Amino acid sequence: MQGVLISVDLNLKHAVIACDNKLYTAKLSENVASLQPGDLVEFSATDETDGEKNKTVKIDSVTHTDYKKYGIAIVSASSVDGHEIIDSKLNVKLCGEGPDAKSALDSLVELAKKSNANALVNTELTVKALRFSGKHLFCYKANAAIIEGAEYHQQPGIKLDINEKVVRRNSPNEAMIRYIRVLLISVLLIILPCLLSLQQQGTLPTPLGSIACGIALGLSLFTGLFYSSRKQVAYLLRQKR
């Protein structure tokens, strides 16, 4: 099976892999330093269990993500080897979301370039399981920086351009899910009293009114539970203290 490496814990020697909207745990043995979030991994199941729902898996091969093709430095550390940080913004996270890791990274890099950053530090990849829908929302987060060194250079007179007036406190996709659920509840509070009133007045036959109420409730419940927003978006997130 093939999946995306989400995180690596060097202390516990295990990694988390996302594949087909499921998360797997893999034990690490060697070459752990070369692994990084976003890598594509081929893995296979083992007979050993990790005490959770998913079996422990074994990583067979790794295809590293080619960050250099994006034209900016992307590292999980707080600095880039061989480079000096000229300017950075640590109180704001640049975020990119999408239905898969690649689309999320593409959104993040596009936002970074619009912000005049030539480096992304403290980069992390997270996956949120959307309740009831069984789908995953991928999110890359990083701090923007301008660095100077052997490979990446600061453009003369260019500084970071991050508009803190549009900084968010939550994910647009998660906010959309909550908005849809609130909207459905509001619609029900309008429709159900109207149907009951028509039923009491005799305008709407009792069996038909009951069926209409049941359908409205059922559709609203189904939509509210299983609606999932996984749009490819980029945004600024306030760094939690």
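**View A. Strand 2 and its two antiparallel neighbours.** Strand 2 and strand 3 (residues 22-27) run antiparallel and are joined by six bridges, where strands are DSSP runs of E with at least two residues, helices are runs of H or I with at least four residues, and both are numbered from the N terminus. Two strands are taken to pair if DSSP finds at least two bridges between them. This is a predicted model, in which local features need pLDDT of at least 70 and side-chain atom pairs count only at pLDDT 80 or more, while totals for chains, interfaces and linings use all residues. Residues are numbered from 1 along each chain as its sequence is written, and side-chain values use heavy atoms, with hydrogens and water left out. Within this pairing isoleucine 17 stands opposite tyrosine 24 in strand 3, and the hairpin of the two strands has two residues between them, with aspartate 20 taking a positive phi near 50°. Strand 2 (residues 14-19) also runs antiparallel to strand 1, to which five bridges join it, and here serine 7 stands opposite valine 16. Four residues lie between the strands in the hairpin of strand 1 and strand 2, and lysine 13 in that turn has a positive phi of about 55°.

**View B. The aromatic pair of tyrosine 24 and phenylalanine 43.** The structure holds one aromatic pair, a pair being rings of Phe, Tyr and Trp (its six-membered ring) whose centres lie within 6.5 Å, with planes under 30 degrees apart counted as stacked, over 60 as edge-to-face and the rest as tilted. The ring centres of tyrosine 24 and phenylalanine 43 are 5.2 Å apart and the planes stand at 50°, so the pair is tilted. Because tyrosine 24 lies in strand 3 and phenylalanine 43 in strand 4 (residues 40-49), the pair ties together parts that are 19 residues apart in sequence. Both tyrosine 24 and phenylalanine 43 are buried, that is, under 20% relative accessible area, whereas exposed means over 50% and partly exposed in between (1.4 Å probe, protein chains only).

View C. The 14 residues of helix 1 (residues 101-114) should span 20 Å at 1.5 Å a residue, which agrees with the 20 Å between its end C-alpha atoms; the expected span is 1.5 Å times one less than the number of residues. Aspartate 100 caps the N-terminal end, with a side-chain oxygen 3.2 Å from the backbone nitrogen of lysine 102, and asparagine 116, whose phi is positive, near 70°, follows the helix. The buried residues of helix 1, including Leu105, Leu108 and Leu111, pack against several strands, among them strand 7 (83-98), strand 8 (119-130) and strand 9 (135-149).

**View D. Serine 107 in helix 1.** Serine 107 is found in helix 1 and is buried, with a relative accessible area of 5%. A polar contact of 3.1 Å joins its side chain to that of glutamine 232, such a contact being a pair of N or O atoms within 3.5 Å, where within protein one must be able to donate a hydrogen and the other to accept it, and residues adjacent in sequence count only if both atoms are side-chain atoms. Beyond its neighbours within four places in sequence, serine 107 is in contact (heavy atoms within 4.5 Å) with Gly96, Glu97, Gln232, Val233 and Ala234.
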